[in-house]
Amino acid sequence: MTQQPHATQPSAGGQQQASTAPGPGFTPTEAAWASGGVVFAGVLMLMNGVLAIFQGISLLAEDDVWARVNDYVYKVSLTGWGVILLCLGVVAAVTGAFILRGAGWARMTGIFLASLSMLAQFLFLPYAPVWSVIMIGLDFFAIWALAVYRPAMRV
């Protein structure tokens with residue numbers, strides 16, 4: 001028998017059936033990870049934005065909570081970090097909400113914002129190293145999930 005075990009069988013009517021996979025080369029498991037990953041990335045962007053807003057407010061209101069780093073190459077005051085994180089958090093929360101609604105532009109914006117968040121968390125490493133490393137990992141997953149996801153084409 002020369003037939004491959006995973007080859008597509010032709011239908012009885014001579015017409016081909018539409019594929020349910022979201023793109024070429026995706027297995028159903030990969031498609032499930034990607035679509036579930038987009039929902040997770042949307043929730044992650046929303047929650048990351050809200051937490052960045054709170055982090056920025058705490059930096060603006062009372063920066064005695066945060067450790068002072070004197071000999072750091074990237075010298076930004078804690079008030080400056082508060083403004084940066086507050087603005088990034090507001091935009092990330094709004095983008096996360098639109099990712100959950102399925103907006104196509106929000107996926108591209110989410111990739112860009114997760115990249116910016118990754119860079120900001122790298123620069124924020126001396127102030128909160130464990131939190132920054134965790135956020136860098138979550139931003140990496142969000143970028144992957146938003147970049148790989150291909151919505152199913154409707155026929």
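**Figure 1. The surroundings of L146.** Setting aside neighbours within four places in sequence, L146 is in contact with V38, A41, I99, R107, G110 and I111. The model shown here, and in every view that follows, is predicted. L146 is also among the residues with the most contacts inside the largest nonpolar core.

**Figure 2. The whole protein, for orientation.** The protein has four helices and zero strands. Read from the N terminus, the order of elements is α-α-α-α. The protein has 155 residues, and 31% of them are buried. Now take the contacts with a separation of 6 or more. Of these, 72% join residues 24 or more positions apart.

**Figure 3. The largest nonpolar core.** In soluble globular proteins, nonpolar side chains tend to be buried together. Here, the largest nonpolar core has 24 residues. Those with the most contacts inside this core are M45, L59, W81, I99, F124 and L146. Which elements give two or more residues to the core? They are helix 1 (28-61), helix 2 (78-101), helix 3 and helix 4. Helix 2 gives the most, with six residues.

**Figure 4. Helix 3 against helix 4.** Two packed helices are described by the angle between their axes and the distance between the axes. Helix 3 covers residues 104-123, and helix 4 covers residues 129-148. The two pack at an angle of about 160°, and their axes are 9 Å apart. Angles over 145 degrees count as roughly antiparallel, so helix 3 and helix 4 are roughly antiparallel to each other. Their crossing is left-handed. On the helix 3 side, the contact is made by R107, G110, I111, A114, S115, S117, M118, Q121 and F122. On the helix 4 side, W131, S132, M135, I136, D139, F140, I143, L146 and A147 take part. By class, this contact of helix 3 with helix 4 has 11 nonpolar, five polar and two charged residues.

**Figure 5. S132 in helix 4.** S132 lies in helix 4. Is S132 buried or exposed? Its relative accessibility is 0%, so S132 counts as buried. Leave aside the neighbours within four places in sequence, and S132 is in contact with Q121, F124 and L125. Of these contacts, F124 is listed among the residues with the most contacts inside the largest nonpolar core. Q121 belongs to the helix 3 side of the contact with helix 4.

**Figure 6. Helix 2 against helix 3.** The axes of helix 2 and helix 3 come within 9 Å and cross at roughly 150°. That angle makes helix 2 roughly antiparallel to helix 3. The crossing is left-handed. Helix 2 brings W81, L85, L88, V91, A92, T95, F98 and I99 to the meeting. Helix 3 brings W105, A106, R107, T109, G110, L113, L116, S117, A120, Q121 and L123. Sorted by class, the contact of helix 2 with helix 3 has 13 nonpolar, five polar and one charged residues.

**Figure 7. T95 in helix 2.** T95 lies in helix 2. At 3% relative accessibility, T95 counts as buried. What is T95 in contact with, leaving aside its neighbours within four places in sequence? The list is M45, A106, T109, G110 and L113. M45 is also one of the residues with the most contacts inside the largest nonpolar core.

**Figure 8. A97 and M47.** A97 is found in helix 2. With a relative accessible area of 33%, A97 is partly exposed. Along the sequence, A97 and M47 are 50 residues apart. In space, they are 9.7 Å apart, C-alpha to C-alpha.

Figure 9. S58 is found in helix 1. S58 counts as partly exposed, at 27% relative accessibility. S58 and L78 are 20 residues apart in sequence. From C-alpha to C-alpha, they are 9.8 Å apart in space. G80 lies in helix 2. G80 also counts as partly exposed, at 22% relative accessibility.

Technical notes. Residues are numbered from 1 along each chain as its sequence is written. This is a predicted model: local features need pLDDT of at least 70, side-chain atom pairs count only at pLDDT 80 or more; totals for chains, interfaces and linings use all residues. Side-chain values use heavy atoms; hydrogens and water are left out. Axes are lines fitted to C-alpha atoms, for helices over the stretch in contact, and angles run from 0 to 180 degrees between N-to-C directions. Angles under 35 degrees count as roughly parallel, over 145 as roughly antiparallel, 65 to 115 as roughly perpendicular and the rest as oblique. A crossing is left-handed if the near helix is turned anticlockwise from the far one by less than a right angle, and right-handed if clockwise. Contact means heavy atoms within 4.5 Å. Ala, Val, Leu, Ile, Met, Phe, Trp, Tyr, Cys and Pro count as nonpolar, Asp, Glu, Lys and Arg as charged, and the others, Gly among them, as polar. A nonpolar core is a set of buried Ala, Val, Leu, Ile, Met, Phe, Trp, Tyr and Cys residues joined through side-chain atoms within 4.5 Å. Buried means under 20% relative accessible area, exposed over 50%, partly exposed in between (1.4 Å probe, protein chains only).
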